Amino acid sequence: DGELRRWDGPVQEVYSPVHVQTPEGLKQQFLGSYPLLSAEKVKEVLEAAVKAYANGRGLWPTSPVAERIARVEEFALRMKSKRAEVVRLLMWEIGKSYRDAASEFDRTIDYIKSTAFALKDLDNTSSRFVVEQEIISQIRRAPLGVVLCMGPFNYPLNETFTTLIPAVIMGNTVICKPPKLGTLLYQPLLEIFRDVFPPGVVNFVYGRGANIIEPLMASGKIDVLAFIGTSKIADAVKKQHPKPHRLRSVLGLDAKNPAIIMPDADLDLAVEECRLGALSYNGQRCTALKIIFVHREVAEAFLTKFSAAIARLKLGMPWDENVAVTPLPETGKTEYLQGLVADAVAHGARVVNPEGGATYRTLFYPALLYPVDGAMRVYHEEQFGPVIPVIPFDDLDQPIRYIEESNYGQQVSLFGRDPEAIARMIDPLVNQLCRVNINSQCQRGPDSFPFTGRKDSAEGTLSVSDALRVFSIRTLVAAKGNDMNKE
Ligand code: G3H
């Protein structure tokens, strides 16, 4: 409600995945702590957001579009001054390399600015008066109410802001729950939110999901759930709403994006793109390539090149220059990945690259597994980490069947030189998934592109302009008559 309040209750201590030398030996670096709000405190936050929206009568939802745009632009400007602090926290809190952390920050600023710019355009084109069948009408984009925004640890800033900013700029009020890993990095931004937006418009809640999400959802006062994370949690959160049919959802969920390497593919290009797709930020991206189908004729050549590409990757700390493999922030993650590798090996796969699967504290050396099949866990599970299952195929039907039978429906990467063979696959694939990448890795960006998925992968479409539509509704003001000059 426009205040930064002192908290004397229980706190969550946050430790970095990065270890440091202490008198007692190597320990994970202590970074700070954040409040664990009680259900009562969460209700106060909810009331602030509800009061600021005031059933659409609040100052913010009735404010002119130009005013909301100006506030968001001011926010972007002030946020820029916190770059060094936030980037440093991204490195320490979630182990993101300096290059990736800086790029996440810059991309988020661009996203905010582009959103403000896109709304100017949308407002220009959508709020014109139209006369039809003797009715003078104006279509207006109106807000939806109170939005609960929850983002994931892998892009704690960017993924949260891609829902928070469009929701706010469209006149909604927002409650934001930052991810458990990636909460401290919001600290430098809280005062800016407080100074730029009126009380109750942007609110933050910290704490354990069960304590803070349940009271918000069970109140029935959340109008929109904007959630990016796993489908399991999204389902559990949605069910807590007493009238789920009233709740709108904007969801970015799980994916297991495949690459398909045709026999005529440029293997150097395919390896470079698959490396980026499978291993950027240690494979911890919903858009990562998580399974690779390679034509049997070129499988060995592909694996040799891929293994050599992995050997060139630098392992180290987030701030090391050109580092590619950095510590994994999730508790128990290296053990989980080791389990996947052991299971694949027990079922007949081999670890192709010599160091693959080696661990050192929270570091996990990327593991290339071949030949993988449906008997192995890694064929089915979304590993969200640097384990790369490779499957040989003789007939294209095999990867296509995998996509059809999958619970996920985000993207695919096709590698090949024959434009006609590629062209024949586009329609069937785009009708199953939401993005077909040709001779390039899977990814979300640029952020102006539509980003969505089918099946368990998403609900609603995000992009700079799509998000403005997702967080608003087209309403109509209509008057009888056909003379626009008449009052
Ligand atoms: O985790 C999902 C992110 O939206 C990935 O974005 O493909 O641009 O890295 P990106």
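Helix 2 (residues 65-80) meets helix 4 (residues 98-126) through Val 65, Ile 69, Val 72, Glu 73, Phe 75, Ala 76, Met 79 and Lys 80 on the one side and Ile 109, Ile 112, Lys 113, Thr 115, Ala 116, Leu 119, Lys 120 and Asp 123 on the other, residues being in contact if their C-beta atoms, placed from the backbone, lie within 7 Å. By class, 10 of the residues in this contact are nonpolar, 1 is polar and 5 are charged (nonpolar: Ala, Val, Leu, Ile, Met, Phe, Trp, Tyr, Cys and Pro; charged: Asp, Glu, Lys and Arg; polar: the others, Gly among them). The model is predicted: local features need pLDDT of at least 70 and side-chain atom pairs count only at pLDDT 80 or more, whereas totals for chains, interfaces and linings use all residues. Residues are numbered from 1 along each chain as its sequence is written. Helices (H or I, at least four residues) and strands (E, at least two) are DSSP runs, numbered from the N terminus.

The axes of helix 2 and helix 4 come within 9 Å and cross at roughly 165° (axes are lines fitted to C-alpha atoms, for helices over the stretch in contact, and angles run from 0 to 180 degrees between N-to-C directions). The two helices are therefore roughly antiparallel (angles over 145 degrees). Helix 4 also packs against helix 5 (residues 158-169), at an angle of about 20° and with the axes 10 Å apart. Helix 4 is thus roughly parallel to helix 5 (angles under 35 degrees). In this second contact, residues of helix 4 including Tyr 111, Ile 112 and Leu 119 meet residues of helix 5, among them Phe 161 and Ile 165. The contact of helix 4 with helix 5 has 8 nonpolar, 4 polar and 2 charged residues.

An open sheet of 6 strands has the order 7-6-5-8-9-21 and mixed pairing (strands pair if DSSP finds at least two bridges between them). Strand 8 (residues 224-228) and strand 9 (residues 248-252) run parallel and are joined by 5 bridges; Leu 225 stands opposite Ser 249. Helix 8 (residues 231-239) packs on the sheet, touching strand 8 and strand 9, with its direction at about 165° to that of strand 8.

Strand 10 (residues 257-261) has 5 of its 5 residues buried (20 or more other C-beta atoms within 10 Å of a residue's own, C-beta atoms being placed from the backbone). Asn 257, Ala 259 and Ile 261 lie on one side, and Pro 258 and Ile 260 on the other. Strand 10 runs parallel to strand 11 (residues 289-295), joined to it by 5 bridges, and Ala 259 has Ile 292 as its bridge partner.

Key: Parallel < 35°, antiparallel > 145°, perpendicular 65-115°, else oblique. Contact = placed C-beta atoms within 7 Å. Buried ≥ 20, exposed ≤ 12 C-beta atoms within 10 Å, placed from the backbone.
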